[in-house]
Amino acid sequence: MNATKSLGSNFGVYANQARGLIPLLVLILLVAGSSLFAPGMLSMGGLSSFFTDAAPLLILVVGSTLPILAGSIDLSVAGVAALAGVLIVQLHPIFGVWATPVVLCGAALFGALQGYVHAKLQLPSFITTLATLSIVTGLALLLSNATALPIPDDDSIVGWISGSLGPVPNSIIVVIAVTVILAVALRYTRFGRDLYALGAGERTALMSGVNTIKVRCVVFALSAFCAGIGGVLLSSITGFSSPSIAGNLLLLSIVGVVLGGTAISGGVGGLGSALVGGIITSWLRVITVMVGVAPTTQNIVFGVMALIAVMLTTDRAKIGIVK
Amino acid sequence: MASNAKAGLKLLAGILSATAFIGGILVNPSTAIAAAPQKLIAGIDETASEYWAEYLRGVEDIAQSVGTKATVIADNYQGDQLLAQLGAIYAGGCTGCSLVTNSTSNAYVKAVVERSARSGVYVVTVWNRPENLHPWDTGNNKWVAHTSFDGVESGYLQGMALCKALKGKGQIAAIEGVPSTPPAFQRMEGLKKALAECPGMKLVDTQVGEWQETKAQTISRTWLARYGDSLNGIFASNDAMARGAVAALREKQLNGKVFVTGSDGSKVGLDMVKSGDMLATVMNDAVLQGAISMALARAAAVGDIQPDKLTKAQRDFYLKQQLVTKDNVDQFLAQKANAPKYNYADIKKDFWKYSQGEIPAGVNAAK
Amino acid sequence: MANSNSVRHEGIHFGRSRPLSLKTLYNMGPVIALVLMVVVFQVITGSFVSIGNFKSILEAAAVPSILAVGLSFVILLGAIDLSMQGVIAATSMTLSLLVANGINGNDFGFGGIVIAIMVGVGFGAFNGVLHVVGKTPSLIVTLGTWFIGLGVAAVLFPDRVPAIHERLVLGLSSVHIAGLSLIVYLAFAVIAVAYLVLKYTRVGRMIYAIGGDEAIIVASGLPVKRYKFIAFVISGAIAALGGVVLSAQLGNGNADIGAGQLFPAISAAVVGGTLLSGGRGGALQSALGALMLEVLSNGLIQIGAGPYSRNIISGAVILIAVGISSFHMRRKLRIVK
Amino acid sequence: MSTILELKNVNKRFGKVVALDNFNLELRAGEVLGLVGQNGSGKSTLMKMLAGLQGPDSGEILLRGQPVRIRSAAMATSLGIGMVHQEQSLVPNLTVAENIFIDKPNDATRGGLYRWGALFEAARTQLDKIGVDIRPDALVEELSFAERQQVELAKVLAIEELVDHPPIILFDEPTSVLNPDEIKILFREIQRLRTRASIVFISHRLDEILEISDRVLVMTNGVKVADKQVDAIDRDELYTLMVGHEREKKEREHTQPVQSSRPNPRLRIRKLTDGNKFKNLDLDVAKGEIVGLVGVQGSGAEELCRTIFGAEDSVTGEILLDDVPALSQGPRQAVSNGIAYLPSNRRLEGMLAGRTLVQNMVVTYGLEYGRSRFLVDYKAEEAAATQWMSRLKVKATSGKDRINRLSGGNQQKVVLGKWLMSKKLKLLLLDHPSRGLDPGARDDLFEAIKEQARQGLSIVFVADTSEEALELADRVIVLRDGQITASYDLQQGVIPSQEDILRAMI
């Protein structure tokens, strides 16, 4: 431990700042390398469609970064995203255009509740959210009778999101907007400060008068809220809602968070780099196609590349014992 | 301590990247994305599946016969993955390319078609199509056609086979596929139709096996515990789940005694029909489906057909399928052993030679 | 998630010992819950309690309990192993292509099984090295190997499903003793061995110790890395064994065979009383948890709950079960992540 | 006496910091070597080196004349070098027996197979050696703190069995967390040991050093400044050598004469009960008064502070702060009531490890310096934090340093500063404030605390030793088994002797 500490001390603050840039470097290398094979990827159209497809994952990554910063984890995001999509269709008859905002608020409430159960009953977030995952998935299947339903054409919010501002898809604008707002909140509000304190040393935070339960609730509310947005984005891409629409986004979002240099143990990381991590992940998903390796190997390539990226991006100086 | 850890790290990263590199070399980079126009693209749900492997064989036959090689993308049943990969392929510009794909679920069909249409890619979809979307009303004629197999008929054929084997009397249970996919609920529809015609045969329970062997096995086990000998037949919506059911029966030495039906006509399915473990399956010729679909898309891309000039029956149709029982199983096994090699020229003579007619309205909406 | 318990015990003002009777009662929690479930289902269905049904529950619980037990070795460290489904897939394909099968001429018999298990060992070792030497969180390492495992299976997959003809393998599920397939007995064997290893060997005790307070073990100069590595290898090997058994049940290799095995296994471990924070619980608890979940799902099918509502109910039940069984541990200053 | 262990020109540096500078040391057979020095003087580094946790950059270590490289703690153990740590080094979820033999080969665990019966037997004999009656099969987490300390001792003494020659045993501030009884036991053990072992003993309590050791060695910044036989040196001399300057004899000066029986005291506690830790406790603390709590482990002193801070679980009774009910449900509520708490376990409950000094300072009250209650004003709060750090004489290059890199004393100051930053603080609770601090740092800290009292802040602290209580407090309160057994108002000139206090404690 001691050596590690002194190592951290030598570089001091600047090293830490530099560390934050590593995910970005990885991304640049990745893009540069792969676009040798598929230069078209960097064309306006290419990027615009890439980001359209990446948007849902990105917002999920940003969302699930928050609980991980607090040392918890939220496995229910993909389920919430799917349920949100389904509810938008189900609730449309009642709320009309307002279905989306209503659903998003609902998601936030659900998240808050989940955070409360986790923090108040002192159940590990892993198992709590695992259980809620199965609950929301069940709900989504039940409500939709497991069928894909078209998003009503007069749902102007989803409609707008599916559009684009010049070459820039509106969906990515939404993602960036949300990320910026959250990042500002993290930096300039009591919540942000408490969140990082929680991640750095929860017991100390508690003994310093931080309302850990409240912070947990907010954190999970936000992550569920982002998941909800993710569901909306997915629906806006497909024009449909389906209980299976979010698929394996859960695993990808975790990969994304970690590639963003956020320590699973909490306290270390930020939303900007989370976004970068998300982009890396989405890029890795299509890299096999760009480089043109056979589809049979795509899981291997994804796994290996992800591991390499993680090796490069995890900051070991700050993590004492790695679990 | 930290230092040697760092060293170990470098080593690891090195090893890993090496692996990745070799992994890349192993597989032919010839399919790498150059901005080659008129590329043939085939989207499949997974590589580790007999059905999709055969389907690809059909696609490759056509590709070879027109002197090229198909670009294959697998989406692992993730619609968003499919979209992202298509995006990557279209990025370099892909006007005049042709795509055949299953969009993993109804939810993604619209997105796939419109994305392709925008890039000037001709699409033929298989299996999944939402009820109210048709090639002629979406994707301004870049959506050439949609091909599928008649799930209602398949379910009906299986049901009647069971009825016949049970001499019109007995209890059966059904395992459904992923309920949101047309083949799943269509086959259940067909079963209901058969049940109506076979009053003596009772459906005691329906469970969702999501096309998966293992799930079907667990479900069947529970049934055997619950109904014991009073269960005479198991209706499985595909061969994989039928295999699961048979596996469960085998544990109780009941295989062959309790009748099991499936659909697809997979090798193992046929083998089990021959061995008597399975009563019947329905032959869906994946190779044929791949070949014809690819050919249609290609034809539109090179202008051999004008989609807007085609009739609805030519743009939204079922392919032929047949019930396989012990009596006729050998012929199909033979066909598996040496599948006919398709080529574009032959199919071009009559794309609809194997058509079983237009897909009727309403079948793609879950009841 | 990880550091929670090192925190819980350092505080000198907590963890006062409680009356033993109460303690044992707490440990009995899962058993009580199990009995309760059985009673409830019996009352509702009237037919739940029957030799036949119990047999089928055991059959169904065999594989999940094997997997949960394997996972426990890593969870006891306070780490996690998500690679299970990938390992199972890879194993299943390897096995079905090495023993007598319907695709190629191979017929390595028992050797094939051994090699298949070695594949699991390999994955476990890979996880171990990356986690221990690479100092990378187990969660993400094993997530990566999960994908790799699936990929390996995909690469190995021949054009058509490889049916297994090997008697040794098929026998596992077809040979019955006292109405139970060999798989059930195998499961019992695995549980027993795992229990003995964890209680009577240095490796086992060290796994507990590391879960209890890793920093101390490191400071004592004990080979922590070695023990962690071993734990991951064991976990991989047992996952592979699970793959073999699953393939035996199906009678053929399958690349999706592992689908949906991981999360139930984790839930089983936790519900049974093996804490994710490490150092608590063990093989018996995890196996018990697996049994509980199997009783639950079987019961829900018996009472005819729809497939979707089953998700909801089982999720709720898990939450409640864990909530109740850990309620007595709540403290103002307790940290749970 | 023959030399057992010898260090020759040993050097060790961390980055710019020199921990050991051409250090030489001789440890003779059967002697107790007292080692003193301020924090950061290199004591701990030396210990870690001997215990195999760190290697020297240069220089050599000779064990019985043979040069050795102690690569790991396990190797140190096998060489017969054992260390009693400042914090406990027991694994909570293992049995006592396992803990005793965890780092030693043993017949009962030969071949990696555990024969529990034999193991418990072996542990039993070790425990009997120090005459404690603890079940070897009990889980450590079920033991009381004191019991754990005894197990700790047994664990180290078990080294005797390993080696045929006398072992070397290092005690790193073992007494800082012990109560007088336990210290007696420990010293008895050490006396018993000196016949067949060599001992290095570190403590900040100079009297202890002088009492137990034959020879004392003083270190500052990695060099030996003195090496004397105990009879050739006295306490003040020792202090001067170690701190570098004369110890100014402070007169007990006080702001205003405060009577504990004031009509409306700042803090009023009635019938406070916390499970079986203490019952129906009454206590008043006046504005600007410093109350020192003295009591052995488990006397309820620490629990009292934690209860007032809302950190204990089952509490009943009444607490009034400025006549406002203030029985806090949790630390957060206590904080909003204007109560601050300096925990004894700094690493766990005091610092945000890995965060900077400023970040640690502002975590609780930073927003008081912002324009609004919700928005952070970095400039303002950083200015405030830096100002406080300089007021508390925190030695650090910049506020951007990570707190882990500071010495214990400076860390403690930062944690204290976190609370003092508040503008509306009423009551300050200090749980063993000087634990692990060297005399110099300790005096700084006490100065700061007195300063606060003069400002009118009420202070309750749990004293490490009775001298400490007498030095700092206006009123000393002695607890035993959750009851107040004595109360001395030093203001009224009632100065008890240490014997009085000790008698009240036990």
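Two strands are taken to pair if DSSP finds at least two bridges between them. On this basis, in the predicted model described here, four strands of chain D form an open sheet in the order 2-1-4-5, with antiparallel pairing. Strand 2 (17–28) and strand 5 (66–68) of chain D are the edge strands, each pairing on one side only. On average, and with direction ignored, neighbouring strands of this sheet are turned by 25° against each other. Within the sheet, eight bridges connect strand 1 (residues 3–14) of chain D with strand 2 of chain D in the antiparallel sense. In this pairing D:Lys12 is placed opposite D:Leu20 of strand 2.

Another open sheet of chain D consists of four strands in the order 12-11-14-15, and the pairing is again antiparallel. Its edges are strand 12 (278–285) and strand 15 (324–325) of chain D; each has a single partner strand, so one side of each is left without a neighbour in the sheet. Strand 11 (residues 267–274) of chain D runs antiparallel to strand 12 of chain D, and the two are joined by five bridges. Here D:Leu267 stands opposite D:Val285, a residue of strand 12.

A parallel pairing is found in chain D between strand 6 and strand 7 (residues 168–172), over four bridges. D:Gly82 lies opposite D:Ile169 of strand 7 in chain D. Strand 6 (residues 81–84) of chain D is covered on both faces. On one side D:Ile81 and D:Met83 are buried, and on the other D:Gly82 and D:Val84 are buried as well.

In chain A, helix 4 (residues 99–120) comprises 22 residues. The distance from its first C-alpha to its last is 31 Å, close to the 32 Å expected at 1.5 Å a residue. Just after this helix, A:Gln122 adopts a positive phi of about 55°.

Between chain B and chain C, contacts involve 30 residues of chain B and 33 residues of chain C. On the side of chain B that touches chain C, the elements giving two or more residues are helix 1 (2–26), helix 2 (50–65), strand 7 (201–208), helix 7 (213–227), helix 8 (239–251) and helix 9 (267–275) of chain B. Helix 7 of chain B provides the largest share of this side, with nine residues. By residue class, the side of chain B that touches chain C contains 10 nonpolar, 11 polar and nine charged residues.

Key. Residues numbered from 1 in each chain as written. Chains lettered and ligands numbered in written order. Predicted model: local features only at pLDDT ≥ 70, side-chain atom pairs only at ≥ 80, totals over all residues. Buried ≥ 20, exposed ≤ 12 C-beta atoms within 10 Å, placed from the backbone. Axes fitted to C-alpha atoms, helices over the stretch in contact; angles between N-to-C directions. Expected span 1.5 Å × (residues − 1). Contact = placed C-beta atoms within 7 Å. Nonpolar A, V, L, I, M, F, W, Y, C, P; charged D, E, K, R; others polar.
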